[in-house]
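Dear colleague,

I am passing on the structure below, and after it you will find my notes. Please read them with the structure open beside you.

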Amino acid sequence: MSKYIALPKGVAEADFDKAIAEFKKILGADNVLHSRERLAPYLKIMIPAQIEEHTPSAAIMPESVEQIQRILRVCNRYKTPVWPISTGKNFGYGSAAPATRGQIVLDLKRLNRIIEVDPDLCYALVEPGVTYQQLHDYIKERNLPLWLDPPIPGPVASPLGNTVERGVGYTPYGEHFLFSCGMEVVLANGDILRTGMGSMPNSNTWQVFKWGYGPSLDGIFTQSNFGIVTKLGIWLMPAPPAYKPFVVRYPDQGDIVKAIETVRPLRIAQVIPNAGTVSNALWELAVVNRRADLYTGEGAIPDASVAKLAKAHGVGSWNVYTALYGTEETIAEHWKIVTAAFKASGGTVLTQEDLGPDDPLFNYRRDVMRGDLTMREFGLYNWRGGGGSMWFAPVSQARGSETLKQMGLAKRILNKYGIDYVGLFVIGWRDMHHIIDILYDRTLPAELAKARSCYDELLDDFAREGYGVYRTNIDFMDKVAKLYGPVKASVNRKIKKALDPNGILAPGKSGIHR
Amino acid sequence: MDRRNFIKSLLASGVLGSSPLAAQAASDLFAPGTAQPVLIVGQSGLPHADELVARLERVFAAAGIDYVQARASGGELTDYTHVIVLLDRVPGRRVIGVMDAAAALIFQELAAARGAACALSTHHRFAAQEVRHCCISAGLDTSIVWSDSLADHAERIGRLYAGTLAGPESAVDRSAPVVREEPDRAADATPGSLVSFLITV
Ligand SMILES: Cc1cc2nc3c(=O)[nH]c(=O)nc-3n(C[C@H](O)[C@H](O)[C@H](O)COP(=O)(O)OP(=O)(O)OC[C@H]3O[C@@H](n4cnc5c(N)ncnc54)[C@H](O)[C@@H]3O)c2cc1C
């Protein structure tokens with residue numbers, strides 16, 4: 001029997017022993033983990049996958065770029081693949097586990113230096129292990145007039161990890177990759193590439209001008225396995241003098257059309273500048289309630305019951321959370337425009353003054369839309385209990401008819417599996433990230449199987465209508481890559497072969513294999 | 001004795017005493033020895049949590065395990081700043097949490113982000129007459145799942161944590177049958193649920 005809980009595909013145990021011994025020489029034994037106990041944090045997933053298929057062989061924790069280069073030399077020699085993570089909090093997408101069994105998790109949490117925060121040009125340069133919390137504390141301690149844009153797990157998650165996965169937040173800087181500028185990437189052969197202006201010796205414009213000269217490369221290092229990102233520039237929003245969050249509630253499910261048709265022109269024109277959200281009634285209810293306290297029937301909660309519950313709990317069938325940013329004067333002017341538009345569409349516009357200081361749903365949205373950290377949304381995991389969650393996240397046009405169509409499609413499939421439609425739309429500039437949390441009890445094998453089949457069917461049926469997801473979990477990466485077509489897959493494979501001929505970087509990430 | 005059997009033996013009805021078998025099973029991670037009392041963090045306002053915390057206290061007292069208790073509401077436990085303050089106060093401590101799923105996830109992830117190790121985590125689903133438990137341990141490749149009557153379950157869970165904490169010095173009367181594992185058992189339609197866990201902060 002092997003002394004390892006898994007081995008990389010095609011690697012003999014004797015070779016793996018040698019690789020582990022070399023990693024220990026480079027990093028010290030404490031930073032090379034391979035017992036089941038020590039690997040436990042990397043085995044914890046919320047998605048409905050079998051962990052055996054994603055069990056890492058080891059986890060190694062470098063603290064410098066130079067150590068990463070030395071690690072890659074060993075990996076190339078023994079053909080041992082590494083799966084880089086920044087903080088590994090990719091909850092609902094696979095957490096810290098690799099796409100395929102036997103990979104070594106390259107845990108970059110010890111590379112946690114905030115290299116620079118420039119308060120004039122409003123940017124930060126950070127390493128992978130820096131958390132939003134760390135950056136938040138740094139800014140607060142120095143009293144800098146800058147805002148972050150954290151995702152919900154911000155207190156434990158990493159700006160770099162989130163951005164390379166193309167995650168989102170809720171301020172005007174919500175589309176994270178769009179507001180990043182300049183990467184340092186260690187390639188499989190150990191070369192260090194700085195993208196954009198970073199390739200110029202002595203450049204001081206790396207974090208202020210994205211494109212540099214010639215082909216722009218940053219994108220190929222997101223959701224990919226072409227390199228290990230070791231530094232990232234992110235733009236920070238100057239704290240505005242005034243901020244006014246609000247919610248618009250709509251009573252009927254079909255009102256999603258009115259909500260989106262109203263918000264789109266305001267968002268494109270930047271009257272509403274932020275990545276707000278349009279959440280359904282069950283999302284609102286699920287964040288602050290246990291399902292069993294509200295509904296005890298079989299299967300998904302029927303529409304009529306959802307409508308009743310929404311009314312009883314004072315939430316809309318749809319709830320648009322968004323905000324105005326600027327000076328008191330500009331906000332006053334914009335407020336007239338937005339309230340007139342939303343009221344004309346049949347929505348009820350409410351502010352903190354209307355809701356009082358203790359509305360938990362409003363308060364967590366208020367906080368994230370101004371870049372504060374909160375984990376209140378984790379309340380979703382009390383809805384069913386049992387720790388199961390998987391995000392289904394198709395992209396929609398910011399058009400009412402499209403969001404209505406996606407909602408109908410999603411609900412039909414989810415309800416067939418007895419799963420509630422707990423969903424929201426994140427308001428992009430011209431798109432909507434349709435985010436559905438598939439909540440299930442992970443301790444029940446039957447529920448796990450249902451959740452998995454449901455996701456599979458969602459992917460197929462959405463693809464048939466031309467809809468693709470913006471991101472997926474470690475269990476479905478090959479499938480989603482296929483749905484995006486053969487030419488993209490073939491180009492990815494060619495780049496992979498050129499940059500990583502031994503396939504040592506995250507095989508299977510986004511469906512890209514050697 | 002492997003980890004799985006060790007846990008199952010702790011789940012068997014019996015009393016704590018002294019056994020070399022437990023010593024074999026406990027690793028530094030599984031039973032981190034420390035002079036500091038164990039901190040039990042119970043979520044207030046959840047009757048099942050109250051009951052389990054009370055039972056833990058009774059079992060710990062009987063086993064001579066030193067503990068202190070902290071209460072926090074669901075609102076406090078989902079306010080991550082509150083949890084951070086709590087974690088700041090207990091470095092090096094063993095902490096048992098008894099709380100709802102959301103609070104447990106937040107607590108465990110915040111603790112893990114500062115290097116905490118989780119020895120045991122158990123999901124409890126309550127139905128009208130019985131409780132279904134699903135326990136994962138740092139050393140197990142799969143979880144252990146079993147059901148107990150509502151009347152008995154807390155005692156068994158109390159013993160599980162007590163035995164795990166006491167580790168090398170502890171013992172268990174393993175003459176009684178261990179739990180019958182039932183991974184496929186269906187869920188009741190009207191359950192409440194709870195999570196308990198043991199971590200070293
Ligand atoms: C309740 C809840 C709410 C959530 N809300 C949001 C949200 O608002 N927005 C959002 O975007 N997500 C959200 N998530 C999903 C997820 O938790 C976050 O996206 C989180 O930021 C990802 O984890 P991380 O930052 O630790 O990244 P990691 O887990 O470290 O990285 C993610 C992936 O990126 C790749 N990667 C990481 N680092 C590197 C590197 N240095 N080089 C190359 N590749 C790398 C790896 O493939 C890795 O698996 C939510 C999850 C939950 C449970």
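The contact between the two chains (contact meaning heavy atoms within 4.5 Å) draws on 30 residues of chain A and 34 residues of chain B. This is a predicted model, in which local features need pLDDT of at least 70 and side-chain atom pairs count only at pLDDT 80 or more, while totals for chains, interfaces and linings use all residues. Residues are numbered from 1 along each chain as its sequence is written, chains are lettered from A and ligands numbered from 1 in the order in which they are written, and side-chain values use heavy atoms, with hydrogens and water left out.

Between them, chain A and chain B bury about 2700 Å², with 59% of it on carbon and sulfur atoms; buried area here is the accessible area (1.4 Å probe) that two parts lose on being put together, summed over both. Of the area that chain A buries against chain B, 20% comes from A:R36, A:E37 and A:T443, more than from any other three residues.

The rule finds 4 salt bridges across this interface, a salt bridge being a side-chain nitrogen of Lys or Arg within 4 Å of a carboxyl oxygen of Asp or Glu. A salt bridge joins the side chains of A:K89 and B:E109, at 2.7 Å from N to O. On the side of chain A that touches chain B, helix α2 (residues 36–39) of chain A gives the most, with 3 residues; helices (H or I, at least four residues) and strands (E, at least two) are DSSP runs, numbered from the N terminus.

Turning to the ligand, 33 residues surround it, and the closest are A:S86, A:T87, A:K89, A:Y170 and A:R471, where near means that a heavy atom of the residue lies within 4 Å. A polar backbone atom of A:S158 is 3.1 Å from an oxygen atom of the ligand, and one of A:V229 is 2.8 Å from a nitrogen atom of the ligand.

Finally, chain A has an open sheet of 4 strands in the order β1-β2-β4-β3, with mixed pairing (two strands pair if DSSP finds at least two bridges between them). Its edge strands, each pairing on one side only, are β1 (32–33) and β3 (82–85) of chain A. Strand β3 of chain A runs parallel to strand β4 (residues 104–107) of chain A and is joined to it by 4 bridges; A:V82 has A:I104 in β4 as its bridge partner.

With best wishes

Technical notes: Polar contact = N/O pair within 3.5 Å; in protein donor to acceptor, adjacent residues only side chain to side chain.
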